[in-house]
Amino acid sequence: MESSLDIFQDKVDNDISIEPKDWMPDEYRKTLIRQISQHAHSEIVGMLPEGNWITRAPSLKRKATLIAKVQDEAGHGLYLYSAAETLGISRDEMIAQLHSGKAKYSSIFNYPTLTWADIGAIGWLVDGAAIMNQVPLCRTSYGPYARAMIRVCKEESFHQRQGFEILLILSRGSEEQRALCQDAINRWWWPSVMMFGPGDEASPRSAQSIKWKVKRFTNDELRQKFIDICAEQIKTLGMQIPDPALKWNEEKNHYDFGEINWEEFWNVVNGNGPCNKERLAARIKAHEEGAWVREAAIAFAEKRKTHNA
Amino acid sequence: MTNEWPLWEIFIRSKQGLDHKHAGSLHAADAQMAIENARDVYTRRQEGISIWVVESKHIHASSPDEAESLYDPANDKVYRHPTFYNLPIELKHI
Amino acid sequence: MPVSLLNYILHLADNALIMGHRNSEWTGHGPILEQDIALSNIALDLIGQSRYLYQFAAELSGNGATEDSLAYLRGPEDYKNCLITEQDNGHWGKTVLRQFFFSAYQYPLYQQQLNNKNAQLAAIVEKSLKEVTYHLRWSSEWVIRLGQGTEESSQKMRDAINDLWKYTGELITETDLDKQLGINVSIIAEHWKSRVNDILNQAGIIVPDDKRMIVGGRLGIHTEHLQNILNDMQYMQRTYPGMEW
């Protein structure tokens, strides 16, 4: 007679989805809650650096597509919060964890958006890195998470193309525009490379996550793939990746790249990035200032129920 | 007393002739708001669709019982085939 | 004749753009995720409408104008939006009330223009009417919800209507331009008043005693808000003139 754990692992090994009411190890549930909610938080916080340029978008087309993109990110956060709620945590609890600093979000969003070109760089690099992570998650073991990711991936493709197009137009524009383009790439490259997280040796949870298919590839695998792709794509822009050590390695069939500044990475993860405080403050403010609205809506719904009863 | 808006499950029929399909969940203060939110979040304003919303607490679900599941390591693990048909070995690769 | 039509289309476009722009300021800061998405949708709808209208206006202008040159290179003295659209967002209640007043005007206006003899305008309003119908429903519900919800929300709606009421007259005041183009403002005004009375009644919100109205937006006489909006909105085009984005 097989144990619940054996049945669970057998399902995972054979790509059969684990659904909300299925038996699952506590640690699996906890890992998923943490991973999914942090992914959701990242989407929501991620609205802020780009949202910063909505009112200043330089054309009506860019204005509309940027609003659509940021709104999509809200939607993605929502899908992910929904998926996490199937595991027994509430939206309010997750929000409280974000606001208290207990839960993390992708530290890439702790960097400022200083120019319009940053919007292009974010679309190309940050969304590019996110897509690299997200596509494999469409086949993650937990059903609601996989289904949320499928929705996200369908909507994500225009985000990256939009970003690249913004940079492409800049790269073919005036001298000032070309300078804006290169400058944005210079500032967003390394943080994007760091989005894949610490190296495999420094990721203790990695092996278990891979066994449970909560993660399908290692950090280093995804990071290498990302760099290989970007190193080619940047040729179209006629720009430089700010890494003097970046070089095609014929033997390995990959690009070699320079040392990552892990000190900066941990600094930003631990709350000392350029915008950590502002990002969280903005989210807390929105939540607190919205409390009266949420309360009023509940009160009114109750009144209407009693009235109709 | 929590102020959290209740959770609703959303079902969408995207085209005439199809069934309503579960799309996900969202928070809303009442049913009308849930329908509008579902339109905004899950349909991106497509025309001619039907939206059902049900408060999550009103959904009753069966419990998978592992002991009685079709899982049987000794035989050909029927539950791995979503159609639950017993396919002869030679047809597996069709 | 074409000049009047051009000015009128610009008026419609400016209304939609400034409303859309204001609404988009909420993106990322809404009281709850679902409503952040809802208001962003409305912003997108309005900006989309403005684009059709500016593109039409650019054609009518003829002199190499584009949707962007019209939106990004005119100053406040040339903008023809009603003053209510440029008012600051304030709290959520003020935003939904402003949206309600605006949609309650757009709806009968667009309905009427379905029959406009200018086929292009008629086509634009037909495309927009479904959206406006939704905006009106959404904002009406919110006005009622907040008017009736809690003591706090009621108070905030009282504050909101005290701020906004003086700008509502401009939406339903006939100008020479309306007359020239055969826009029947009195019918629009009738519908607007009827809808507004109904919803404010249901919401338990009372119209302020001071019934004085401030107008001027349609003539390019704006509040300070518009210059601030345009400073932000037009910053890139003015700092980097003549470039593609």
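I sorted the lining of the second largest cavity by class and got eight nonpolar, two polar and three charged residues (nonpolar being Ala, Val, Leu, Ile, Met, Phe, Trp, Tyr, Cys and Pro, charged being Asp, Glu, Lys and Arg, and polar the others, Gly among them). The model is predicted, with local features needing pLDDT of at least 70 and side-chain atom pairs pLDDT 80 or more, while totals for chains, interfaces and linings use all residues. Residues are numbered from 1 along each chain as written, chains are lettered from A and ligands numbered from 1 in written order, and side-chain values use heavy atoms, without hydrogens and water.

I then looked up this cavity's space, about 70 Å³ (a cavity is a set of points on a 1 Å grid over the protein atoms alone where a 1.4 Å probe fits but cannot get out, and lining residues have an atom within 4 Å of a point; points are joined across faces, edges and corners, and the volume is the space filled by probe spheres set on them). Its lining has 13 residues, with Y105(C), L171(C), D178(C), V185(C) and R218(C) nearest the centre. Two or more residues each come from α1 (2-24), α5 (92-113) and α9 (185-203) of chain C (helices are DSSP runs of H or I, at least four residues, numbered from the N terminus).

I searched the whole structure and found four cavities of 30 Å³ or more. I listed 19 lining residues for the largest cavity, with R91(A), I95(A), H287(A), I32(C) and L33(C) nearest its centre. In chain A, α4 (91-100) and α11 (276-289) each supply at least two lining residues; α4(A) gives the largest share, five. By class I noted nine nonpolar, five polar and five charged residues there.

Notes. On a 1 Å grid over the protein atoms alone, a cavity is a set of points where a 1.4 Å probe fits but cannot get out, and a pocket is an open set with protein on both sides within 12 Å along at least five of seven lines; lining residues have an atom within 4 Å of a point.
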